[in-house]
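Hello,

Here is the structure I promised to hand over. Please open it first, then read my notes below.

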Amino acid sequence: MKENSIINGYIKNERIYEFELNNNNFNHEIIIYNYLQKGNLKIIKKDSDTNEVIPNTTIALYNEFDECLFVDKTNNKGIINIDNLALGRYYLKEEVSANGYLLNDEKIYFDLEDSDKTYEIVMLNEKIMIDVPDTNIDKKYIIEIIALICIVIGMGFLVYGKRKI
């Protein structure tokens, strides 16, 4: 006996099963196992402006039924590898952003369709920008202000030194 067809997403069992039926044994049970086709996933977290990798970002993998299947942090190269993932529809969601970055709450949907391939998904983050208030001091005057302060301090030492004499 040999399996002729399979359900989509499973690996066909090529094994040939032999058995013998005789007058004393009309019933014979054979269990045939089929295994899911699996692929690999590589997640890369990058800065949206500089394209540099971002370590220490917590990312979760969900199936199409919103069940969380996997949670991990990006390594020092901004990467998470997930091997032997059953073919199907999934989405990624950032759970905790890296220090200095905004949380990206976008769900990234994808279909894992080929067991002979590693799927690569790049997720982007924006840095937290801090607005520095304008102090209305022009940069060219900073050196002059520092020089003026030094002169005043120097004059103070001269005046103070003459009084002690």
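**What Leu41 touches**

Leaving aside neighbours within four places in sequence, Leu41 is in contact (heavy atoms within 4.5 Å) with Leu61, Ile80, Asn81, Ile82, Leu85, Leu92, Phe110, Thr118, Tyr119 and Ile121. This is a predicted model, where local features need pLDDT of at least 70 and side-chain atom pairs count only at pLDDT 80 or more, while totals for chains, interfaces and linings use all residues. Residues are numbered from 1 along each chain as its sequence is written, and side-chain values use heavy atoms, with hydrogens and water left out.

Leu41 lies in strand 3. Strands (E, at least two residues) and helices (H or I, at least four) are DSSP runs, numbered from the N terminus. Is Leu41 buried or exposed? Its relative accessibility is 1%, so Leu41 counts as buried. Buried means under 20% relative accessible area, exposed means over 50%, and partly exposed is in between (1.4 Å probe, protein chains only).

**The core**

Leu41 also belongs to the largest nonpolar core, which has 16 residues. Such a core is a set of buried Ala, Val, Leu, Ile, Met, Phe, Trp, Tyr and Cys residues joined through side-chain atoms within 4.5 Å. Leu41, Ile43, Leu61 and Leu92 touch the most other members. Two or more residues each come from strand 3 (38–47), strand 4 (58–63), strand 6 (79–86), strand 7 (88–96), strand 8 (108–112) and strand 9 (118–125). Strand 6 gives the most, with four residues. In soluble globular proteins, nonpolar side chains tend to be buried together.

Strand 4 is mostly covered: six of its six residues are buried. On one side these are Thr58, Ala60 and Tyr62. On the other they are Ile59, Leu61 and Asn63.

Which strands pair with strand 4? Strand 5 (residues 68–73) runs antiparallel to strand 4, joined by five bridges. Strand 7 pairs with strand 4 in the antiparallel sense too, over six bridges. Two strands pair if DSSP finds at least two bridges between them. Ala60 has Val71 in strand 5 as its bridge partner. Ile59 has Glu94 in strand 7. The hairpin of strand 4 and strand 5 has four residues between the strands, and Asp66 there takes a positive phi near 65°.

**Salt bridges**

How many salt bridges are there? A search of the whole structure finds two. The term means a side-chain nitrogen of Lys or Arg within 4 Å of a carboxyl oxygen of Asp or Glu.

- Lys45 and Glu94 meet at 2.5 Å, N to O. Lys45 is in strand 3 and Glu94 in strand 7, 49 residues apart. Lys45 counts as buried, at 0% relative accessibility. Glu94 counts as buried as well, at 1%.
- Asp111 pairs with Arg89, the closest N and O atoms being 3.2 Å apart. Asp111 is in strand 8 and Arg89 in strand 7, 22 residues apart. Asp111 is partly exposed at 32%. Arg89 is partly exposed at 35%.

**A surface patch**

Tyr141, Ile145, Ile149, Ile153 and Phe157 form a nonpolar patch on the surface, with about 520 Å² of accessible area together. Patches are made of residues with over 30% relative accessible area and no salt bridge; like charges are joined within 9 Å, nonpolar side chains (Val, Leu, Ile, Met, Phe, Trp, Tyr) within 5 Å. Accessible areas come from the Shrake-Rupley method with a 1.4 Å probe; for residues, only the protein chains shown count as cover. Phe157 lies in helix 1 (residues 139–163). Phe157 counts as exposed, at 63% relative accessibility.

Best wishes
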